Amino acid sequence: EQMSQFVLMDAAGKWYVEPSWGTYRFESTLRDSLRLTELGTYRFTLTQMMRQDTLPGVKRIELAFEPRE
């Protein structure tokens, strides 16, 4: 099992990206050690680490993967 951390807001709660049409798009490169080299089903678990159990305004999270060039 591998873990990666993505910080999306600063300590004051301001997003590091600006919204476009109400959507925050954050792009990042996963660490080099993560490789999806075999066909199959992969499981990803997302955990939010804010002080609130429910994040206001967050309705959906999507993951997309693109091959490296």
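Q: How many aromatic pairs does the count come to in this predicted model?
A: Let's start with the rings. In this predicted model, ring centres have to lie within 6.5 Å to pair. By this rule the count is 1 aromatic pair.

Q: Which residues form the aromatic pair, and is it stacked or edge-to-face?
A: The partners are Trp 15 and Tyr 24, with 4.5 Å from centre to centre. Their planes are 20 degrees apart, and planes under 30 degrees apart count as stacked. So the pair of Trp 15 and Tyr 24 is stacked.

Q: Which residue forms a salt bridge with Lys 14?
A: Side chains of opposite charge can pair when their charged atoms come close. For a salt bridge, the cut-off between nitrogen and oxygen is 4 Å. The closest N and O atoms here are 3.5 Å apart, and the count of salt bridges in the model comes to 1. The partner of Lys 14 is Glu 18.

Q: Is Glu 18 exposed or buried?
A: A residue is exposed when its relative accessible area is over 50%. Lys 14, with 48%, counts as partly exposed. Glu 18 has 59%, so this residue counts as exposed.

Q: What accessible area does the nonpolar patch on the surface have together?
A: The patch includes Leu 36, Tyr 42, Phe 44 and Phe 65. Patch members need over 30% relative accessible area, and Phe 65, at 42%, is partly exposed. Together the patch residues have about 750 Å².

Q: Which residues is Leu 55 in contact with, leaving aside its neighbours within four places in sequence?
A: Leu 55 is partly exposed, with 24% relative accessibility. The C-alpha atom of Leu 55 is 16 Å from that of Arg 25, a residue 30 places away along the chain. Contact calls for heavy atoms within 4.5 Å. With the near neighbours in sequence set aside, the contacts of Leu 55 are Gln 48 and Met 50.

Q: What radius of gyration does the chain have?
A: A compact globule of 69 residues would come out near 11 Å. The C-alpha trace spans about 40 × 25 × 20 Å along its principal axes. For the chain, the radius of gyration is 14 Å.

Methods:
Residues are numbered from 1 along each chain as its sequence is written. This is a predicted model: local features need pLDDT of at least 70, side-chain atom pairs count only at pLDDT 80 or more; totals for chains, interfaces and linings use all residues. Side-chain values use heavy atoms; hydrogens and water are left out. A salt bridge is a side-chain nitrogen of Lys or Arg within 4 Å of a carboxyl oxygen of Asp or Glu. Buried means under 20% relative accessible area, exposed over 50%, partly exposed in between (1.4 Å probe, protein chains only). Patches are made of residues with over 30% relative accessible area and no salt bridge: like charges are joined within 9 Å, nonpolar side chains (Val, Leu, Ile, Met, Phe, Trp, Tyr) within 5 Å. Accessible areas come from the Shrake-Rupley method with a 1.4 Å probe; for residues, only the protein chains shown count as cover. The radius of gyration is taken over C-alpha atoms; the globule rule is 2.2 Å times the number of residues to the power 0.38. Rings of Phe, Tyr and Trp (its six-membered ring) pair if their centres lie within 6.5 Å; planes under 30 degrees apart count as stacked, over 60 as edge-to-face and the rest as tilted.
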